[in-house]
Amino acid sequence: MRASGPIQFVLVRHKFFFILLFSKFANLFTVLLVLFATNQIFKLGSFLAYGYVWLDYALALDQSTQTNPLDVLFPKMVACEIEKWGTTGLVNEAGMCVLAPNVVNSYFFLTFWVVLLLGVFFNIVSCLFSTTSHLFTLGRWKTLTTSTFMKGTPAEKWVFFNSGTSGQITLEIIAQNTGARMFEKVFQRATDRLARSESYNRERIYDNKQATA
């Protein structure tokens, strides 16, 4: 069943905006999902605060009474049983085993934690920037006029403001991928046709009446 009325109007005019926001928040959700899923791997400690705890340890003046956070998640030496042949046959003796791969793993996951943290930060900034930049239409209009040779006439402004976020995003993409002069001519030609529409003339007459009142 297709949406109709105001819902369809909003979806058509702001479809690109919703798609863009969905992709931004999907990226943020994916990074958070990887972060929390990685945390479930470890049972001896928390991966969520892995880098923060290590930094606090590295900056501590006295480290003699503290345990290195890297050794909590990735112990370098563990107690183990060593099997060997004795006079009575196979004998198990308690000993200490060195886990050499954990030396590499500890720093690999520390780097991975930093990458995930940066991913969360930049995705949050991207979501906020995309939301605010597309809500403040006047700022986007001024950016478009300064980056091209548009004169910023009332007709051009009317077309831009009444295009919805979908049309505005399309215009910005065209402006970024074509020459400034070419975009000016194309947009001016489209504006000349749309400016003859009844809705534009009706709004212009209303604005003139408000100005003279």
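Predicted model: local features only at pLDDT ≥ 70, side-chain atom pairs only at ≥ 80, totals over all residues.
**Entry 1: Asn68**

I started with one side chain: that of Asn68 reaches the backbone nitrogen of Leu70 at 3.0 Å.

Where is Asn68? I found Asn68 in the loop between α3 (50-58) and α4. Helices here are DSSP runs of H or I with at least four residues, strands are runs of E with at least two, and both are numbered from the N terminus.

Is Asn68 buried or exposed? Asn68 counts as buried because its relative accessibility is 18%. The scale I used: buried means under 20% relative accessible area, exposed means over 50%, and partly exposed is in between (1.4 Å probe, protein chains only). Leaving aside neighbours within four places in sequence, Asn68 is in contact with Trp54 and Tyr57. Contact means heavy atoms within 4.5 Å.

**Entry 2: Asn39**

Next I looked up another asparagine, Asn39, which lies in helix α2. With a relative accessible area of 14%, Asn39 is buried. Its side chain and that of Ser46 are joined by a polar contact of 3.4 Å. Apart from neighbours within four places in sequence, Asn39 is in contact with Ser46, Phe47 and Leu48.

**Entry 3: the whole chain**

I stepped back and counted elements: the chain has 10 helices and 2 strands. Along the sequence, they follow the pattern α-α-α-α-β-β-α-α-α-α-α-α. Of the 213 residues in the chain, 27% are buried. Among contacts with a separation of 6 or more, 59% are between residues 24 or more positions apart.

**Entry 4: the cores**

A general idea to keep in mind: in soluble globular proteins, nonpolar side chains tend to be buried together. A nonpolar core is a set of buried Ala, Val, Leu, Ile, Met, Phe, Trp, Tyr and Cys residues joined through side-chain atoms within 4.5 Å.

Which members of the largest nonpolar core touch the most other members? In this core of 15 residues, they are Phe42, Phe47, Tyr50, Leu73, Phe74, Phe109 and Leu116. Two or more residues come from each of α2 (15-39), α4 (69-73) and α5. Helix α5 gives the most, with 6 residues.

I then picked Tyr50 and listed its partners, not counting residues up to four places away in sequence: Pro69, Leu70, Leu73, Phe74, Ser106, Phe109, Leu110 and Trp113. There is also a second, separate core of 10 residues, including Val159, Phe160, Ala175 and Phe187.

Leu32 is in helix α2, and at 30% relative accessible area it is partly exposed. Leu32 and Val120 are 88 residues apart along the chain, yet their C-alpha atoms are separated by 6.9 Å.

Phe18 is also placed in helix α2. Phe18 is partly exposed, with a relative accessible area of 37%. Its C-alpha atom is 9.8 Å from that of Thr131, 113 residues apart along the chain.

Lys185 is in helix α9 (residues 180-194) and counts as exposed, at 60% relative accessibility. The C-alpha atoms of Lys185 and Met150, 35 residues apart along the chain, are separated by 8.7 Å.

**Entry 5: one salt bridge**

How many salt bridges does the structure hold? I noted 1 salt bridge. The side chains of Asp71 and Lys76 form a salt bridge, at 2.6 Å from N to O. The cut-off is a side-chain nitrogen of Lys or Arg within 4 Å of a carboxyl oxygen of Asp or Glu. Asp71 counts as partly exposed, at 32% relative accessibility.

Notes
Residues numbered from 1 in each chain as written. Heavy atoms only, no water. Polar contact = N/O pair within 3.5 Å; in protein donor to acceptor, adjacent residues only side chain to side chain.
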